[in-house]
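Here is a briefing for a first look at this structure. Keep the sequence and the 3D view at hand.

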Amino acid sequence: MTLNQLRAFVEAERLGSFTAAARAMDIAQASASELVRRLETELDAELFARGSRTLTLTSAGQELLPYARQALEAAESGTRAVRSLSSLGGGTATFGVLRNADYYLLSNLVQMFHARYPSVRVRLVGQNSAETAAAVAAGRIEAGLVVLPIDDEGLVVTPLLRDEVFFVSASEERTRAPMTMEAFARAPLVLYDAHYGWQDPTRRQLAERAQFAGVGIEPLIELEHVEAALGLVAAGVGDTIASRAVIAGSAFPAGLRTAPFADPLYDTIALVRRRGHPLSRATRELARLAEDTLRELRTDLGL
């Protein structure tokens, strides 16, 4: 059973003859009647009572008609949706962004995208990179930006930007020299991303380095947001870490001091998508805008 067969059947019923149906479909009259004949052969049932001037549906034809109409309507709706998406006149873009997106100039990503493509719906999810990677792998969102390392099974990973991570403290003494893992483990640490803890990509790197150095990292305080951690550090409660983009931000507290790690530590920001699943046009365009934004930031910060 093909859509052309169903279309010939529906048009013949609507217009009352194969000649009119053929004219509506821009095919020969013999082709229209042949399409219906093949449909009848496949169903092993006559759909029209022939012999009169106007085609009349048999009981089998009456049973088939609503389903044939539904099938054609569904196919036409699908065609319109794909064409609309191809021209970015519709569709939905689903994308994951970093928890610290504001520091990477990604906060106005939706605004830029919507200004260019006002008819496209956007679902932008901000969460920890571990959760973003899992959501992309499971197909809950099409693509996203993450900080590496992540569990990349089933994903295509495209690194975009490398941002150095620094030790941050209000103490001049603890920031005089590059930070070793031994000294880091002794510091009164205030670390963020408490929900994901050591699954967080930056903290995973620190944990691996601590393991090789034979030390353990036990934070004094864990909370969710980098801003809260920086606030406690500014109050002298403890020390934390922050990327160059965060340190360069206007919200970075005055008076805080930074030191690089003796073995430089980097957050690598990457685009991830499901392997074997091409992005929709809308999400692909949103990802392109995100890449362009990060490229501009890399130039501005000299990353």
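Predicted model: local features only at pLDDT ≥ 70, side-chain atom pairs only at ≥ 80, totals over all residues.

Residues are numbered from 1 along each chain as its sequence is written, and side-chain values use heavy atoms, with hydrogens and water left out. Helices (H or I, at least four residues) and strands (E, at least two) are DSSP runs, numbered from the N terminus.

**Nonpolar cores**

- A nonpolar core is a set of buried Ala, Val, Leu, Ile, Met, Phe, Trp, Tyr and Cys residues joined through side-chain atoms within 4.5 Å. Buried means under 20% relative accessible area, exposed over 50%, and partly exposed in between (1.4 Å probe, protein chains only).
- The largest nonpolar core has 54 residues. Phe95, Tyr104, Leu145, Phe184 and Phe261 have the most contacts inside it.
- Helix H11 (residues 281–301) gives the most to this core: seven residues.
- Contact means heavy atoms within 4.5 Å.

- Six strands form an open sheet in the order E4-E3-E5-E10-E6-E9, with mixed pairing. Two strands pair if DSSP finds at least two bridges between them.
- Strand E4 (121–126) and E9 are the edge strands, and each pairs on one side only.
- On average, neighbouring strands of this sheet are turned by 25° against each other, direction ignored. Axes are lines fitted to C-alpha atoms, for helices over the stretch in contact, and angles run from 0 to 180 degrees between N-to-C directions.
- E6 and E9 pair in the antiparallel sense over four bridges. Valine 168 has threonine 240 in E9 as its bridge partner.
- Helix H8 (residues 201–213) packs on the sheet and touches E5, E6, E9 and E10. The direction of H8 makes about 125° with that of E10.

- In helix H9 (residues 226–234), the buried residues are Val226, Ala229, Leu230 and Val233. Seen down the axis of H9, they fall within an arc of 100° (taken from the directions from the helix axis to the C-beta atoms), so they line one face of the helix.
- Strands E6, E7 and E9 and helix H10 are included in what covers these buried residues of H9.
- Glycine 236 follows H9, and its phi is positive, near 85°.
- In helix H2 (residues 18–25), Phe18, Ala20, Ala21, Ala22 and Met25 are buried. Their cover includes H1, H3 and E1.
- Aspartate 26 follows H2 with a positive phi, near 60°.

**Aromatic pairs**

- The structure holds five aromatic pairs. Rings of Phe, Tyr and Trp (its six-membered ring) pair if their centres lie within 6.5 Å; planes under 30 degrees apart count as stacked, over 60 as edge-to-face and the rest as tilted.
- Phenylalanine 9 and phenylalanine 48 form a tilted pair, 5.5 Å centre to centre with 55° between the planes. Phenylalanine 9 lies in helix H1 and phenylalanine 48 in strand E1, so the pair ties together parts that are 39 residues apart in sequence.
- Both phenylalanine 9 and phenylalanine 48 are buried. Ring pairs link Phe9, Phe18 and Phe48 into a cluster.
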